[in-house]
Amino acid sequence: MMGSVTTLNEFIIDRQSDFPYAKGELTRLLNHIGIAGKVVSREVNKAGLAEILGEIGSNNVHGESQKKLDVYANQKFINALQGSGEVCGIASEENEEIIAFDDDLAKNGPYIVSIDPVDGSSNIDVNVSIGTLFSIYRRVTPRGHRAGDADFLQEGTRQVAAGYILYGSSTVMVYTTGRGVNGFTLDGSIGEYCLSHSDIMAPPNGIIYSINEGHYIKFPDGVKKYIKYCQTNDPQTNRPYVSRYIGSLVADFHRNLLKGGIFIYPTTEQNPHGKLRLLYECNPLAFLIEQAGGRATDGYGNRILDIKPSKLHQREPLFIGSRNMVSLAEQMMKEYSPIK
Ligand code: P6P
């Protein structure tokens with residue numbers, strides 16, 4: 001440890017023995033993700049100056065206009081993950097198909113990574129926090145060969161690690177390997193992520209609800225009932241609650257993780273299966289929230305981590321946060337909107 005500070009590298013190595021088949025593989029992989037996050041953080045923090053704002057005039061696989069930072073960050077994480085020698089392939093929000101590496105070192109890698117390099121990128125140009133989301137699995141195809149779709153279409157329960165990097169007032173990396181959730185804040189003066197949030201636990205209750213009420217008219221009745229519950233005046237149960245919605249998933253999630261709260265992105269008219277992608281948005285956050293004592297479901301009684309993906313970019317409704325808040329929202333969905 002550097003004095004009273006524990007760096008990410010020291011922490012991962014200290015905890016390496018927790019991990020059954022670590023042999024340093026996951027250590028190297030998490031460190032490479034952290035390094036790419038430092039590079040992206042540097043660009044985010046000077047986005048207004050570095051000609052990295054704005055759009056590049058093309059759309060991603062989802063028809064969303066790609067920002068310069070989307071493309072920049074995607075390439076940085078792909079390079080870092082391939083360079084780690086531990087990753088045989090990547091599924092990225094920015095790429096329609098998986099990226100299966102061809103070099104022998106990478107083809108022998110035991111892991112695959114699903115990643116959203118810059119989630120919430122529409123917020124870049126107005127200086128609102130954005131984030132990177134990642135999810136790590138052991139591959140199911142034989143080592144020495146190229147990765148295949150099957151490596152990525154695994155249930156969230158099979159994740160070996162997951163996390164996010166939040167580029168906000170500071171840059172924070174939060175991750176889990178299934179033994180709790182820990183957060184590290186980037187200290188630019190020494191270029192190290194330093195342990196700042198040990199063993200994060202989500203409060204079982206909260207007073208924050210996060211949802212885009214612009215879609216209210218088309219929400220399922222169960223969601224409408226829950227919103228009205230949150231807005232009802234009842235000092236006994238500390239309501240009305242507080243509505244907080246940044247429109248940047250990692251930022252909304254991080255606040256609710258630390259303070260308690262619920263984030264809901266249900267089915268809407270534009271997104272009848274929900275907007276958020278299972279592989280690299282719902283699953284990593286669901287792993288984290290469950291490790292922190294919270295819950296993550298699709299609103300219809302299905303635990304997010306149990307959903308078997310059938311498509312790389314499939315979307316799911318997401319109810320995630322403090323366990324008692326998610327349970328009550330689920331109860332209202334069961335009573336008023338029983339099926340998807
Ligand atoms: P809406 C950003 O585009 C994003 O993917 C998430 O970061 C965010 O939670 C959500 O979409 C916001 O969507 O429909 O409320 O603008």
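Against which elements do the buried residues of α1 pack? Before I answer, please note that this is a predicted model, in which local features need pLDDT of at least 70, side-chain atom pairs count only at pLDDT 80 or more, and totals for chains, interfaces and linings use all residues. Residues are numbered from 1 along each chain as its sequence is written, and side-chain values use heavy atoms, with hydrogens and water left out.

The buried residues of α1 pack against α2 (25-44), β8 (171-176), β9 (181-187) and β10 (192-197), where contact means heavy atoms within 4.5 Å. In helix α1, residues 8-15, those buried residues are Leu-8, Glu-10, Phe-11 and Ile-12, buried meaning under 20% relative accessible area with a 1.4 Å probe, protein chains only. Helices here are DSSP runs of H or I with at least four residues, and strands are runs of E with at least two, numbered from the N terminus.

Turning to the open sheet, five strands form it in the order β12-β11-β13-β15-β14, with mixed pairing; two strands pair if DSSP finds at least two bridges between them. The edge strands, each pairing on one side only, are β12 (242-243) and β14 (295-297). Strand β11, residues 208-210, pairs with β12 in the parallel sense over two bridges, and Tyr-209 stands opposite Ser-243 in β12.

Finally, helix α7 lies across β11, β13 (262-265) and β15 (318-321), while α8 packs on the sheet, touching β14 and β15.

Technical notes: Buried < 20%, exposed > 50% of the residue type's maximum accessible area, 1.4 Å probe, protein only. Axes fitted to C-alpha atoms, helices over the stretch in contact; angles between N-to-C directions.
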